[in-house]
Amino acid sequence: MNKTLNRPIRVLVAKVGLDGHDRGAKVIATSLRDAGMEVIYTGLRQTPEMVVNTALQEDVDAIGISILSGAHMTVFPKIIAIMKEKKLTDVLLTGGGIIPEGDMKKLQEIGVGGLFPPGTPMTSIVGYIENWVVEHRNF
């Protein structure tokens with residue numbers, strides 16, 4: 001990173017819907033904290049509206065959605081729509097979980113950032129968020 005940041009990157013990590021498996025989300029949250037980021041973990045059973053409202057309240061740079069339920073083609077478009085409605089257009093929406101490659105491409109076409117399958121090295125996820133924030137956020 002050539003640009004220096006005058007505060008830690010703030011990331012919201014969330015589990016949306018009825019997906020009750022949160023081990024991966026907790027691993028990601030811990031890894032992001034270990035990398036020096038401030039992490040807000042919402043816990044289970046959040047709605048897209050709750051996620052975006054929390055992102056606004058916490059002034060985050062990125063939202064990370066962990067999804068294993070197969071509802072990614074509903075959850076991500078809904079979150080993107082609410083983010084646009086609330087003018088939250090300079091915040092990264094990223095995530096990971098069980099998402100087929102074809103669906104990842106469709107989600108990225110509508111504005112979702114990088115999506116990471118299980119087994120992705122934590123350094124790749126941390127680096128992606130850091131690089132995106134440096135390039136797109138101004139602080």
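I'll start with the charges: Arg7, Asp59, Asp61, Asp90 and Arg137 are linked in a network of salt bridges. Please keep in mind that this is a predicted model. Across the whole structure, a search finds nine salt bridges.

In one, Asp61 and Arg137 meet through their side chains in a salt bridge of 2.8 Å, N to O. Asp61 sits in the loop between H2 and E3 and Arg137 in the segment after H5, so this pair ties together parts 76 residues apart in sequence. In the other, Asp59 forms a salt bridge with Arg137, and the closest N and O atoms are 3.9 Å apart.

Buried or exposed, what are Asp61 and Arg137? Both are buried; for Arg137 the relative accessibility is 9%. Asp59 has a relative accessible area of 47%, so it counts as partly exposed.

Now a pair within a helix. Lys105 and Glu101 meet in a salt bridge between their side chains, at 3.8 Å, N to O. The two are separated by about one helical turn, because they are four residues apart in helix H4. Lys105 is partly exposed, at 49% relative accessibility, while Glu101 is exposed, with a relative accessible area of 58%.

Next, the nonpolar side. The largest nonpolar core has 25 residues, and those with the most contacts inside it are Ile63, Ile65, Phe76, Ile79, Met83 and Leu93. Two or more residues each come from strand E1 (10-15), helix H2 (48-58), strand E3 (62-67), helix H3 (72-85) and helix H4 (101-109). Which element gives the most to this core? H3 does, with six residues.

Take Ile65 as an example. Not counting residues up to four places away in sequence, Ile65 touches Ala14, Val16, Val51, Val75, Phe76, Ile79, Leu93, Thr94, Gly95 and Gly96. There is also a second, separate core of 17 residues, which includes Ile9, Leu92, Trp132 and Phe139. As background, nonpolar side chains tend to be buried together in soluble globular proteins.

Last, Asp22, in the loop between E1 and helix H1 (23-34). Asp22 counts as buried because its relative accessibility is 18%, and the cut-off for buried is under 20%. Its side chain makes a polar contact of 3.4 Å with the side chain of Tyr41. Leaving aside neighbours within four places in sequence, Asp22 is in contact with Lys15, Tyr41 and Leu44.

Methods: Residues numbered from 1 in each chain as written. Predicted model: local features only at pLDDT ≥ 70, side-chain atom pairs only at ≥ 80, totals over all residues. Heavy atoms only, no water. Core = buried A, V, L, I, M, F, W, Y, C linked by side-chain atoms within 4.5 Å. Buried < 20%, exposed > 50% of the residue type's maximum accessible area, 1.4 Å probe, protein only. Contact = heavy atoms within 4.5 Å. Polar contact = N/O pair within 3.5 Å; in protein donor to acceptor, adjacent residues only side chain to side chain. Salt bridge = Lys/Arg side-chain N within 4 Å of Asp/Glu carboxyl O.
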